[in-house]
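Subject: Handover of a structure

Dear colleague,

Please find the structure below, followed by a short account of what was found in it.

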Amino acid sequence: MVSVAPSAYKALSYFPFVLVLIDLRYEGVQCGKNAEMENHLEMGKKLLAAGQLADALSHFHAAIDGDPKNYMAYYRRATVYLAMGKSKSALPDLSKVIEIKPDFTSARLQRGNLLLKQGKLDEAERDFKTVLKSNPIDKEEKEAKSQLIKCDEMQRLVAQAKSDYQRRDYSAAAAHLDTLLETCAWDFGLRELRAECFIEMGEMGKAISDLKAASKLKSDNTEAFYKLSNIYYNLGDHEMSLNEIRECLKLDPDHKQCFSHYKLVKKLNKQITAAEELIQEERYGDAVNKYESVMKTEANVPYYTLQAKGRICHCLSKNQQATEAIAVCSEVLKTEPESLNALKDRAEAYLQDEQYEAAVKDFETAREHNENDREINEGLERAQRLLKQSQKRDYYKILGVKRNAQKKEIIKAYRKLAHQWHPDNFQDETEKKNAEKKFIDIASAKEVLVDPEMRRKFDAGEDPLDPENQQGGGGPNFQRGWNTWQGFNPFGSGPFNFKFNFNN
C-alpha cells in the first residue's frame, strides 16, 4: 500500500473547496454576462419604441454577440431591420429565430409575409401551413389563413401572366403582373417580366422604371443594367446608356455583352461630345464632319441619324451655307415636322437666301408649337421686317452683293456701278434723270452697307435712310436728291471730294 505524505494529504483535503470557488466564480461571470445582455435587450426595446432605430440596432448587435443562442435578440433585431426597410437583413434573423425556437409562430408568420413579398410563394406557403399546425392564437391563425389564400391566388396569377406572355398577349400579361406586384412587390423576376411586356408594348418609360427597381432588388443583376443601357441607347440617350452599362461592368468586368455594348456607346458618346464642343467653339465645318462620323458609327438607330442631321442643319445655317442648310433641315422636317430647332435653323437659312416669305412661314409654324419662345418671336419679327423691306429698297440687290459680303466687296461693287451710272455719262435728259435716280440708290446703298451700325439696322429689317424709321419723321439728312451727290468721288476715301475722270 502506497502511503500519502501528510503535506500531500492536507493539500488534497482542500481540493473540493477549490472546485467550489472556481464554480462560484464561473457562475458570477455568467451572471455578469447575462445581466449585460439583458441590459442591451432592454435598452434596445426602449430605443425601438422611441423610434431611435440605429441606436436600438447597436444594442441588439451587442446582445447577439453576448449570446448567439438568444432567439429574442435575433427577433428584436429583425424588427428593427423591418422598421428601417431592410427586409433582406431581417429575413436571415427570422430564420435564425425559427432555427433556435421552431415553435415561435410570430417569427414564422413574419418570415412567411416577407417571402410572399419576395414572390417566393412555395416557401411562404410552407410557413403559413406550419403556423396553422402549431395551435396559434386566433389573430395569428386568421392572418395565416388569409395569407395562405393569397399565396394560392398569386400562384394562379403567375401561371396566367406567363401564359399570356408566351401567347404574346403583352397587355393581358402586364395587367396580371400589376395585380401580382401589389402583393409581391419585391419580386425582381416579376418586374423584369413586366418590363419585357412594356418593351413589346413600346412603353419604354415604364420598362425603365421596372428594370431600375429590379436592379436594386437583386444585387448582382447585370441583365437589368444591360437592358437599361440598350433601352436608353435606342431612345437616343447615349449618356444614360453609358452610365447603366458601366454599372453592369462594375458587377462583372468580364461580361461579354456589356463590354461589347460599352465600347460602342463610349465611341458614339465621345463623337457627339466632341461635335458639341466644336459647335461651342463655332467651328461649324469641323462639327459637320464629326456628326457625319456619328451617322457612320450608328446607322441602325434612326434617332442618331436624325439627331446628327438636325445638328448638321444647325451648323450649316450658322456657317452661312444657306442652300445646303435648307436641304438638310428639310430632310429633318420630313421625319419630324414639329422640330422647333430645325424650323428655326431653316428659317435663318431662308433669310440668308433672301427667301423671306418662306422664313416667315417657318417661324410662324414654330410659334404655333411654342408661342413663348423669345428666339422664335424675335426671328419672326425680323423676317417680317425683311420681307417688308425687300418690297422696298434692298441695298444688297442695288449693289449686286450677297448679305454676307465683306466691306471690300461692297466698295468694289459700288465703284463699278457708280462709274457706270454717273449722270455725266448720259446726254439724253430722260436717260440722265434715270441715271441720277440709280446713282442716288447706289450711293445710298454704299453709305448704309459700309457703316457697321447702319448695316446692322438694315439687316434687322430697318432702313436707316427711310424717314418713316426716324424720330420726328426724318429731316434734311433723309431728303436726298442728285444735288447732294454732285462732285462725289466713288473712288476716294472721303464722301464728297471727287470730280469724275472719264478717261479711266
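Y304 is buried (under 20% relative accessible area, with exposed over 50% and partly exposed in between; 1.4 Å probe, protein chains only), as its relative accessible area is 0%. Y303 is partly exposed, at 36% relative accessibility.

The model is a predicted one, in which local features need pLDDT of at least 70 and side-chain atom pairs count only at pLDDT 80 or more, while totals for chains, interfaces and linings use all residues. Residues are numbered from 1 along each chain as its sequence is written, and side-chain values use heavy atoms, with hydrogens and water left out.

Aromatic pairs

In the whole structure, eight aromatic pairs were found. Rings of Phe, Tyr and Trp (its six-membered ring) pair if their centres lie within 6.5 Å; planes under 30 degrees apart are stacked, over 60 edge-to-face, and the rest tilted. The rings of Y75 and F104 form a tilted pair, because their centres are 4.9 Å apart and their planes lie at 40 degrees. This pair links distant parts of the chain, 29 residues apart: Y75 belongs to helix α3 (residues 71-83), and F104 to the loop between α4 (87-100) and α5 (105-117). Helices here are DSSP runs (H or I, at least four residues), numbered from the N terminus. Y75 is buried at 14% relative accessible area, and F104 is buried at 13%. Y303 and Y304 make an edge-to-face pair, with 5.6 Å from centre to centre and 90 degrees between the planes. Ring pairs also join Y71, Y75 and F104 into a cluster.

Notes: Helix = DSSP H or I, 4+ residues; strand = E, 2+ residues; numbered from the N terminus.
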